[in-house]
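Me: I'd like a close look at one part of this model, the metal site, and then whatever you can tell me about the fold around the rest of the chain.

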Amino acid sequence: MSYPKIIQNLINQFAKLPSIGPKTAERLVFYLLYRPQSELNQFGEALEHLKENIKICSVCFNFSETNPCHICADHRRNQKIICVVAKPQDLTAIEKINRYDGVYHILGGNINPLEDIKPENIKINDLVERIKNNSINEIILALNPDLPGETTSLYLTKLLKQFKNLKITRLARGLPMGADLEYADEITLENALKSRQEL
Ligand SMILES: [Zn+2]
């Protein structure tokens with residue numbers, strides 16, 4: 001026996017999301033079927049308007065309601081230090097520790113030969129341009145301690161050596177291999193940032 005089409009359709013939509021298999025998708029849809037209509041409307045509206053008022057910051061590539069984003073526009077922050085992260089959630093993880101007053105650059109992924117992600121597919125050229133045009137003092141590489149993260153860090157370290165007065169640092173090795181920055185606890189992340197090492 002199969003589900004009514006409208007139910008199956010929503011199951012299929014949920015199943016497209018990362019780390020949601022068909023069984024979880026089913027569970028979510030049946031959960032929603034027992035919720036009041038008003039709640040479903042709120043959910044639907046949030047989804048419908050998700051991208052309408054969200055811009056991508058043309059400086060750091062963070063999602064934001066303004067362009068430039070509030071971090072890039074904040075001149076109390078040190079605009080000469082750029083922390084390079086792979087994804088917006090990593091920026092949020094670092095912002096949460098409240099100890100970093102520089103700005104960011106979101107690459108939008110890591111170099112990953114297994115997934116055919118090459119340097120030109122992520123925001124590396126934009127980073128180089130940004131360093132060139134803004135006499136940046138320091139680049140902090142805050143990429144995950146896993147294979148794609150290490151590959152990207154190594155590539156960037158070599159590439160950025162062309163800037164003679166640029167200090168290149170990376171987070172200290174307090175994060176376990178294979179960890180995801182996004183889920184690191186605040187104390188570990190704070191220590192990794194504080195004792196960052198020059199390359
Ligand atoms: Zn920005």
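Which spacing do the donors of the zinc ion follow along the chain?

Reply: They follow C-x2-C-x8-C-x2-C. Before the details, some housekeeping: this is a predicted model, so local features need pLDDT of at least 70 and side-chain atom pairs count only at pLDDT 80 or more, while totals for chains, interfaces and linings use all residues. Numbering starts from 1 along each chain as its sequence is written, and side-chain values use heavy atoms, with hydrogens and water left out.

The ligands are the SG atoms of C57, C60, C69 and C72, at 2.3 Å from the zinc ion. (Donors are N, O and S atoms within 2.8 Å of the metal, or 3.2 Å for Na, K and Ca.) Angles among the four donor atoms run from 106 to 116 degrees, and the site is tetrahedral, a label that needs all angles between 85 and 135 degrees. For reference, the ideal angle for four tetrahedral donors is 109.5 degrees.

The cut-off for buried is under 20% relative accessible area, with a 1.4 Å probe and protein chains only.

Strand 3 leads on to the rest of the fold. It pairs with strand 5 in the parallel sense over four bridges (pairing takes at least two DSSP bridges), and C83 stands opposite I140 in strand 5. On strand 5, I140 also stands opposite T169 in strand 6, and these two strands run parallel, again joined by four bridges. E138 and I140 point one way from strand 5, I139 and L141 the other, and all are buried.

I139 turns up again in the largest nonpolar core, which has 45 residues; I94, I139, L156, L160 and L171 touch the most other members. (Such a core is a set of buried Ala, Val, Leu, Ile, Met, Phe, Trp, Tyr and Cys residues joined through side-chain atoms within 4.5 Å.) Strand 3 gives the most to this core, with five residues. A second, separate core has seven residues, including F14, A25, V29 and L32.

Key: Buried means under 20% relative accessible area, exposed over 50%, partly exposed in between (1.4 Å probe, protein chains only). Four donors count as tetrahedral if all angles lie between 85 and 135 degrees; four count as square planar and six as octahedral if opposite donors are over 155 degrees apart and all others between 65 and 115; anything else is irregular.
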